[in-house]
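Colleague: I would like to learn how to read a few features of a structure, one at a time. Where shall we begin?

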Amino acid sequence: MRFGMHPDEVEVALDGAVAHVSQGLGNGTGWGHYTDWGVTGVYGEGNNLVAVAVDAMDGPLVRLRDVGLVARVPSEVRADLRELALREGVSVRLNRGGDPEIEAWGVSMGASQEHGLSPEGYTRRLDTVITSALLVCPELAADPYGAEPVVNWWDVRDEPTSTGVWPVRAEQERQQWEWSPLKSVGPLGFGMSPQEVAAALCEEPASRHGRFPLGPPWEGPAQWNLEADRFDRVGVTAHYSGGHDGRPALGAVTVHGRTGPQVDFAGIRLIGMSVTAVDTALTRYTDGADPGLVFGCAGDLGVDGLNMYVRATRAGDTMVSEARFCQAEWEDHG
């Protein structure tokens, strides 16, 4: 793959690969994910290839000089890139995710949870993190993830910014919250207004996320809809849906793995733990029982009927568990 290629040229270069997931491909700008190769091609004006994202798990093992970029321990790649940059006299900065970004080489590193096989032969998530990479043409190198058309493929502007360190709050420093399935978690009851949520947590949101609904232009200015409030001191994110009167009402709560309060279920600590340990404990709890296990769209594990999903969040080179607790009507999409 070379920058400037058109989609049909990329297809030939990848031995006839088909972009099984794509958007706008061949229409001037767009992107296509070539599943069999583990790469995504992002195309700019005139259908010219301007960026290539390499998957952590499925992508090719790309090298920059003598440094392997993909499917490695993030801290080791960071050290190797800093050493290489020092030798060649170029600067290294951190991107929004807290990973190295080198404008001189058009490289922006990332990381993803590693997956492996269970003893039974099933794919399962692990506690480790391995590297991915975004490689861009010179015109996008100053801000790889902030430049169009990359933002049309993956917009990270609403994601929390990392400083490159991922401290995990000690167990004894965490609050202990009770969970009443489908009703409440800690002091937060489903159906609360954003003002009631902030009052219950004694904290104002550190960040807010929302959107303007899509609609015909003749309808005039649209009402901005609040979707989520992030509370960094307590360590939770409140997710909202439209209530009966159209106002935002609390529909789900994500308890952050690194900093959030501890929540137990059937003697299983759900927050800030080894992801594989929590998955194993939930599997044993439901083994041969009713209700059984359910899986969210991102592979998150839960117990059927409770609308709770154990998620995973990064803590440097490892992952720790966090959880999303939802009301009955809430459909978890990410």
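Modeller: With a cut-off: a polar contact is a pair of N or O atoms within 3.5 Å, and within protein one must be able to donate a hydrogen and the other to accept it. Keep in mind that this is a predicted model.

Colleague: Which backbone oxygen does the side chain of Asn307 reach?

Modeller: That of Trp330, at 3.0 Å. Asn307 sits in the loop between strand S22 (301–303) and strand S23 (308–315).

Colleague: Is Asn307 buried or exposed?

Modeller: Buried means under 20% relative accessible area. Asn307 has 13% relative accessibility, so it counts as buried. Beyond its neighbours within four places in sequence, Asn307 is in contact with Leu182, Arg324, Phe325, Cys326, Gln327, Ala328 and Trp330.

Colleague: What about a loop residue that is exposed?

Modeller: The cut-off for exposed is over 50%. Ala104, in the loop between strand S8 (100–102) and strand S9 (107–117), has a relative accessible area of 54% and is therefore exposed.

Colleague: How many residues apart in sequence are Ala104 and Ala141?

Modeller: They are 37 residues apart in sequence, while in space their C-alpha atoms are 7.3 Å apart.

Colleague: Now a helix. Which residues of H2 are buried?

Modeller: The general idea is that an α-helix has 3.6 residues a turn, so residues three or four places apart point the same way. In H2, the buried residues are Pro74, Val77, Arg78, Leu81, Leu84 and Ala85. Viewed down the axis of H2, these buried residues fall within an arc of 135°, so they line one face of the helix. Leu86 and Arg87, on the other side of H2, are exposed.

Colleague: How far does H2 reach from its first C-alpha to its last?

Modeller: Helix H2 covers residues 74–88, 15 residues in number, and reaches 21 Å, close to the 21 Å expected at 1.5 Å a residue. Just after H2 comes Gly89, with a positive phi of about 70°.

Colleague: Last, a sheet. What is the strand order in the open sheet of 3 strands?

Modeller: The order is S12-S13-S14, and the pairing is antiparallel. Strand S12 (179–180) and strand S14 (188–189) are at the edges with a single partner strand each, so one side of each has no neighbour in the sheet.

Colleague: Over how many bridges do S13 and S14 pair?

Modeller: Strand S13 (residues 184–185) pairs with S14 over 2 bridges, in the antiparallel sense. Val185 stands opposite Leu188 in S14.

Notes
Residues are numbered from 1 along each chain as its sequence is written. This is a predicted model: local features need pLDDT of at least 70, side-chain atom pairs count only at pLDDT 80 or more; totals for chains, interfaces and linings use all residues. Side-chain values use heavy atoms; hydrogens and water are left out. Helices (H or I, at least four residues) and strands (E, at least two) are DSSP runs, numbered from the N terminus. The expected span of a helix is 1.5 Å times one less than its number of residues. Buried means under 20% relative accessible area, exposed over 50%, partly exposed in between (1.4 Å probe, protein chains only). The arc is that of the directions from the helix axis to the C-beta atoms. Two strands pair if DSSP finds at least two bridges between them. Contact means heavy atoms within 4.5 Å.
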